[in-house]
Amino acid sequence: MRTRALGTLEVSALGLGCMGMSPVYGAADDTESTSTLHRALDLGITFLDTADVYGDGHNEELVGRAIAGRRDQVVLATKFGISRPGTDGRRVVNSTPEYARTACEASLRRLGVDVIDLYYLHRRDPRVPIEDTVGAMAELVEQGKIRHIGLSEVNSRTLRRAHAVHPITALQSEYSLFARYFEDDLLPTCQELGIGVVPYSPVGRGLLTGGVRDLEQLAEDDYRRHDPRFQHLNLRRNLALVKRVEQVGETIDATPAQVALAWLLARDPHIAPIPGTKRVRYLEENAGAAAIELTEDQLAALDRAVPVDAVSGARYDETEMSRVNV
């Protein structure tokens, strides 16, 4: 697996998003997930991405157990900023400096490590000045508890303000053939400031794998059942786009997921997507994308196959959309 630079941080060209190893896309299996994490390291996929909110700490604990004894092989990323206070399960955005410190200590304990390589603000509360949040994160760098600072789902103005306080290593946002809003302003800003890009949901939350053909395929507790892009008419329209990506893949003997990942890798040398999976077979399929170098003709064919703004449905529902790009 080749490597890429996110700012001054070297990571594997493809990372592994670990969210699905906790109950998000249906039931999770710790044994299977651990095998997937171990196989990722064997393949050179050493950039692992988790968050404190995934499974309310379960995900960090799982990752921590899996990398025990192999910590020196891993670039470990986790996130804070979304909490679940009380007993109603409501998610609340909290980006106060005090919470940054508390959340970091809790993540270190769950992960079983002394330092986090890349620590993201998961979501920003616009009522808290980003300068205050990043200032607290900079203190964590000085204390040796984190090595690099990242932000997730902020707009370019917030990113610039944050970068003025302390160098931002990476911006994590949704970016894929099915989410190209990122290219309007955020990608140029990252390129200007020397900030790496970590696309999450790089295969459109599974749509671009070609494996989801009907809403009923998804488990009852799979959150995508409420995703606007998976709803009936939107899903039909989006699957027609997936078919076009499959056709491009057939010309190079690649799956649609591999094509989608290779397309992202071709956008900029400082992009490191983190496709998520909890199964070894999909991990191995994704890993194959790193060896694919799409030609200019193939990239143009994909632009024609999935024009900008061709995807039907918003990225999130209205509540969640209010928490992104702030």
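1. The protein exposes about 13500 Å², of which carbon and sulfur atoms supply 48%; accessible areas here come from the Shrake-Rupley method with a 1.4 Å probe, and for residues only the protein chains shown count as cover. This is a predicted model, in which local features need pLDDT of at least 70 and side-chain atom pairs count only at pLDDT 80 or more, while totals for chains, interfaces and linings use all residues. Residues are numbered from 1 along each chain as its sequence is written, and side-chain values use heavy atoms, with hydrogens and water left out.

2. As to the overall fold, the protein has eleven helices and eleven strands, these being DSSP runs numbered from the N terminus (helices H or I, at least four residues; strands E, at least two). The radius of gyration is 19 Å, close to the 20 Å that the globule rule gives for 326 residues, so the protein is as compact as a globular protein of that length; the radius is taken over C-alpha atoms, and the rule is 2.2 Å times the number of residues to the power 0.38. Of the 326 residues, 58% count as buried, where buried means under 20% relative accessible area, exposed over 50%, and partly exposed in between (1.4 Å probe, protein chains only).

3. Two residues deserve a look at their backbone angles. Most residues other than glycine have a negative phi, yet phi of Glu 153 is near 55 degrees, and phi of Asp 253 is likewise near 55 degrees.

4. Pro 188 belongs to helix H6 (residues 186-193) and, at 37% relative accessibility, counts as partly exposed. Leaving aside residues up to four places away in sequence, Pro 188 touches Phe 182 and Glu 183, a contact meaning heavy atoms within 4.5 Å. Pro 188 and Ser 156 are 32 residues apart in sequence, and their C-alpha atoms are 9.3 Å apart in space.

5. The second largest pocket holds about 270 Å³ of space. Of the 18 residues that line this pocket, the closest to its centre are Ala 179, Arg 180, Tyr 181, Arg 229 and Asp 309. A pocket is an open set of points on a 1 Å grid over the protein atoms alone where a 1.4 Å probe fits, with protein on both sides within 12 Å along at least five of seven lines, and lining residues have an atom within 4 Å of a point.

How values were computed
Points joined across faces, edges and corners; volume = space filled by probe spheres on them.
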